[in-house]
Amino acid sequence: MMKKIQTFLMLCFLSLVLFAFTSEIQDKWVVPDKYISMKNPTDPKVDLNIGKSLYDKHCKSCHGKEGYGDGPKAAELEGDLGDFSSEEFHAQTDGEIFYKSYIGRKDMPNYEKKIPVEEDMWLVVNYMRTLKE
C-alpha cells in the first residue's frame, strides 16, 4: 500500500513539473520559419514618419512612447509587453517583429484589418527599430 502511495505522489509531482515546463514553452512566441527569414520590402530611411504615426495610433497606448511596455493601457494586460529598446528585441529579424506585431497573439491584437496594407506594418517595424537606447 505504501508503495502505491509513493508512486502516486511521484506521478503527481512529475505531472506538476511537466505542466510548469510546457506552460513556459507555450508562453514563448513561435514564429513560423517563413517570417523569420522574410525580408523587409521597405527602405528604413524612407517614410519613417508614417511608421511613427502608425505606431502612435496603434501601439503607443500599450507599448509606450519609447517602447518600454509602459503605455497607459499596459497595466490592463497580462504578460510581458517587451522592451523595444533592448538588445533582445533588436536581435530579432525584421520578419519576426513583423509577425509578432501584425499577426499577434493573446493580448497582442491582430492588425491585419486595422492596418490592411502590409507595407504600412513594415514601416512600423522600421520605426520600432529606432527605439534603441
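The questions and answers below walk through a predicted model of one protein chain.

Q: How many helices and how many strands does the protein chain have?
A: From the N terminus on, the elements of this predicted chain run α-α-α-α-α-α-α. The count that goes with this order is seven helices and zero strands.

Q: What percentage of the 133 residues in the protein chain is buried?
A: A residue counts as buried when its relative accessible area is under 20%. In the protein chain, which has 133 residues, the share of buried residues is 33%.

Q: What share of the contacts with a separation of 6 or more joins residues 24 or more positions apart?
A: Contacts here are heavy atoms within 4.5 Å. Among the contacts in the protein chain with a separation of 6 or more, residues 24 or more positions apart account for 61%.

Q: Which element supplies the largest share of the largest nonpolar core?
A: The largest nonpolar core has 21 residues, and those with the most contacts inside it are Y55, F98, Y102, M121, V124 and M128. At least two residues of this core come from each of α3 (48-58), α6 and α7 (118-128). In soluble globular proteins, nonpolar side chains tend to be buried together. The largest share of this core, six residues, is supplied by α7.

Q: Which residues is M121 in contact with, leaving aside its neighbours within four places in sequence?
A: M121 is listed with those that have the most contacts inside the largest nonpolar core. Once neighbours within four places in sequence are left aside, the residues in contact with M121 are F98, S101, Y102, Y111 and I115.

Q: Which element gives the most residues to the lining of the largest pocket?
A: The largest pocket has a volume of about 900 Å³. Of the 28 residues that line this pocket, W29, D80, L81, G82 and R105 are the closest to its centre. The elements that give two or more residues to the lining are α4 (60-63), α5 (87-90) and α6 (94-102). With three residues, the element that gives the most is α6.

Q: How many residues of the lining of the largest pocket are charged?
A: Sorted by class, the lining of the largest pocket has 12 nonpolar residues and seven polar residues. The charged residues in this lining number nine.

Q: Is N40 buried or exposed?
A: The place of N40 is in the loop between α2 (33-36) and α3. Its relative accessibility is 16%, and the cut-off for a buried residue is under 20%. N40 therefore counts as buried.

Q: Which side chains make polar contacts with the side chain of N40?
A: Leaving aside neighbours within four places in sequence, N40 is in contact with D94, W122, V125 and N126. A polar contact of 3.3 Å joins the side chain of N40 to that of D94. Another polar contact, of 2.7 Å, joins the side chain of N40 to the side chain of N126.

Q: What distance separates the C-alpha atoms of E118 and P41?
A: E118 lies in helix α7 and is partly exposed, with a relative accessible area of 44%. Not counting residues up to four places away in sequence, E118 touches F98 and Y102. E118 and P41 are 77 residues apart along the chain, while their C-alpha atoms are separated by 9.8 Å.

Q: What positive phi does D47 have, although it is not a glycine?
A: Most residues other than glycine have a negative phi. D47 is found in the loop between α2 and α3 and is partly exposed, with a relative accessible area of 34%. Its positive phi is about 60 degrees.

Q: Where is K106, which has a positive phi although it is not a glycine?
A: The phi of K106 is about 45 degrees, and K106 is exposed, with a relative accessible area of 64%. Just after α6, G104 also takes a positive phi, of about 70 degrees. The place of K106 is in the loop between α6 and α7.

Notes:
Residues numbered from 1 in each chain as written. Predicted model: local features only at pLDDT ≥ 70, side-chain atom pairs only at ≥ 80, totals over all residues. Heavy atoms only, no water. 1 Å grid on protein atoms, 1.4 Å probe; cavity = no way out; pocket = protein on both sides within 12 Å on 5 of 7 lines; lining within 4 Å. Points joined across faces, edges and corners; volume = space filled by probe spheres on them. Helix = DSSP H or I, 4+ residues; strand = E, 2+ residues; numbered from the N terminus. Nonpolar A, V, L, I, M, F, W, Y, C, P; charged D, E, K, R; others polar. Core = buried A, V, L, I, M, F, W, Y, C linked by side-chain atoms within 4.5 Å. Buried < 20%, exposed > 50% of the residue type's maximum accessible area, 1.4 Å probe, protein only. Polar contact = N/O pair within 3.5 Å; in protein donor to acceptor, adjacent residues only side chain to side chain.
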